Amino acid sequence: MGYTTDDIDKITEFKTWSNRQKTDELLRIDAALYCNLGTDSTKKEREEVRRQSRKIYQAIKRVDPSLGERFLQNFDKV
């Protein structure tokens, strides 16, 4: 099953998945967002992907606080 950004909260609440599985799936969604950007993407599209990516990193922080914090710190540097 392919999850999207609409499923972020659902993924973090899964009881049968390990924290590693949740993090992996959230990062897969993040990678797919950036893979769908191209040279012809508008600034608005790039900003929307960036907002969704930040939402994903915040969800990772709920699952694994130390890893999520590192992602957010590096995200803010860019």
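This is a predicted model: local features need pLDDT of at least 70, side-chain atom pairs count only at pLDDT 80 or more; totals for chains, interfaces and linings use all residues.
Numbering starts from 1 along each chain as its sequence is written, and side-chain values rest on heavy atoms, with hydrogens and water left out. The mean pLDDT of the protein chain is 95, and 99% of the residues score at least 70; pLDDT is the predictor's confidence in each residue, on a scale from 0 to 100. Among the helices (DSSP runs of H or I with at least four residues, numbered from the N terminus), helix 3 has the highest confidence in the chain, with a mean of 97, and helix 4 the lowest, at 93.

Two packed helices are described by the angle between their axes and the distance between the axes. For helix 2 (residues 19–35) and helix 3 (residues 43–63), the axes come within 10 Å and cross at roughly 175°. Such axes are lines fitted to C-alpha atoms over the stretch in contact, and the angles run from 0 to 180 degrees between N-to-C directions. Helix 2 and helix 3 are therefore roughly antiparallel to each other, a term that applies to angles over 145 degrees. Helix 2 contributes Asn-19, Lys-22, Thr-23, Leu-26, Leu-27, Ile-29, Asp-30, Leu-33 and Tyr-34 to the contact, and helix 3 contributes Val-49, Arg-50, Gln-52, Ser-53, Ile-56, Tyr-57, Ala-59, Ile-60 and Val-63; contact denotes heavy atoms within 4.5 Å. By class, the residues of this contact comprise 11 nonpolar, 4 polar and 3 charged. Here Ala, Val, Leu, Ile, Met, Phe, Trp, Tyr, Cys and Pro count as nonpolar, Asp, Glu, Lys and Arg as charged, and the others, Gly among them, as polar.

The largest nonpolar core has 13 residues, of which Ile-8, Ile-11, Leu-26, Ile-29, Ile-56, Tyr-57 and Ile-60 touch the most other members. A core of this kind is a set of buried Ala, Val, Leu, Ile, Met, Phe, Trp, Tyr and Cys residues joined through side-chain atoms within 4.5 Å, where buried means under 20% relative accessible area, computed with a 1.4 Å probe on protein chains only. At least two residues of this core are supplied by each of helix 1 (8–13), helix 2, helix 3 and helix 4 (65–77). Helix 3 provides the largest share, with 5 residues. Apart from neighbours within four places in sequence, Ile-60 is in contact with Thr-23, Leu-26, Leu-27, Pro-65, Leu-67, Gly-68 and Phe-71.

Residues up to four places away in sequence excluded, Phe-71 touches Leu-27, Tyr-57 and Ile-60. Thr-12, a residue of helix 1, counts as buried at 10% relative accessibility. With residues up to four places away in sequence not counted, Thr-12 touches Lys-22, Leu-26, Ala-59, Arg-62 and Val-63. Thr-12 and Ala-59 are 47 residues apart in sequence, with a C-alpha to C-alpha distance of 6.8 Å. Arg-62, located in helix 3, is 50 residues from Thr-12 in sequence and 7.6 Å from it in space, C-alpha to C-alpha. Beyond neighbours within four places in sequence, Arg-62 is in contact with Asp-9 and Thr-12.

Conventions
Angles under 35 degrees count as roughly parallel, over 145 as roughly antiparallel, 65 to 115 as roughly perpendicular and the rest as oblique. Buried means under 20% relative accessible area, exposed over 50%, partly exposed in between (1.4 Å probe, protein chains only).
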